[in-house]
Amino acid sequence: MRDYARQMREYNMPLQLQFLFLTWQTILNLMGRNDDPWVLSGEVMSQEKMLQVADNDNNPALRSQYQCHRLQLAVYFGEYELAAKLSGLASDIKKTNPSKPMIWRTALFEGITAFEMVRRGKIKWKGTAMKALTKIEKWVQAGNVNCVHILFMLQAEKAASEYDIKEARTLYDKAIATSACNGFPNDKALASERCGGILYHAGDEDWATDYFKKAHEAYSEIEAFGKIDQINNRGD
């Protein structure tokens, strides 16, 4: 990221540099380089200045991607009330950033957030959850192999929201395996952690511990030390 940023400055590409900052700061947050990991302010950017740039340049694409990156961090760090607020703000990503991978990435985090809200008793989120699941199903049917593991993840979340914990675990095992095979170690880690959390709250602490260990190993692979610290300090 540092090398690409240097090149973008040399070639006078200020807009592209702003988009790079979003991904770069997100990675730094996952690495534990920010005391407030769900806030996109740190070593390389300030979220307040980023929003000013988006407004001054009348750039909805930049603002939308900013919201999507914050949504990702909120989900990764378990701030689901914040994720619920960000979910609506990130929902226009398809219009502002057409044909970008961020579209299906955002559907993953919107879906997880919505199903988590359903599990917390907020039934009004069920429509949003099913909408995200349906989108992923259509993309997989159309041949998007990058969404196969995401489909398993959201199907697992749906099963968990319906108290079918056995089915949820089976589907999350498929998501974990598919994430690993298709080159998504970050999603392998998240899937392992989500499965651990679902099992823990279902009262199966032994299996939950096993999945948290898998999440710890997967986050270690991508050097997401901020997430590792959070798992080590779990209080729930």
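Student: What radius of gyration does the protein have, and what would a compact globule have?
Tutor: The protein has a radius of gyration of 18 Å, which agrees with the value near 18 Å for a compact globule of 236 residues. The radius is taken over C-alpha atoms, and the globule rule is 2.2 Å times the number of residues to the power 0.38. This is a predicted model, in which local features need pLDDT of at least 70, side-chain atom pairs count only at pLDDT 80 or more, and totals for chains, interfaces and linings use all residues. Residues are numbered from 1 along each chain as its sequence is written, and side-chain values use heavy atoms, with hydrogens and water left out.

Student: How many helices and strands are there?
Tutor: The secondary structure comes to 13 helices and 0 strands. Helices (H or I, at least four residues) and strands (E, at least two) are DSSP runs, numbered from the N terminus.

Student: How many aromatic pairs does a search of the whole structure find?
Tutor: The search finds 4. Rings of Phe, Tyr and Trp (its six-membered ring) pair if their centres lie within 6.5 Å; planes under 30 degrees apart count as stacked, over 60 as edge-to-face and the rest as tilted. Phe21 and Trp24 have ring centres 6.4 Å apart and planes at 35 degrees, so their pair is tilted. The rings of Trp104 and Phe184 have centres 6.1 Å apart and planes at 85 degrees, so this pair is edge-to-face. The latter pair links distant parts of the chain, 80 residues apart: Trp104 lies in helix H7 (residues 102–119), and Phe184 in the loop between helix H10 (165–181) and helix H11 (185–201).

Student: Are Trp104 and Phe184 buried or exposed?
Tutor: Both Trp104 and Phe184 are buried.

How values were computed: Buried < 20%, exposed > 50% of the residue type's maximum accessible area, 1.4 Å probe, protein only.
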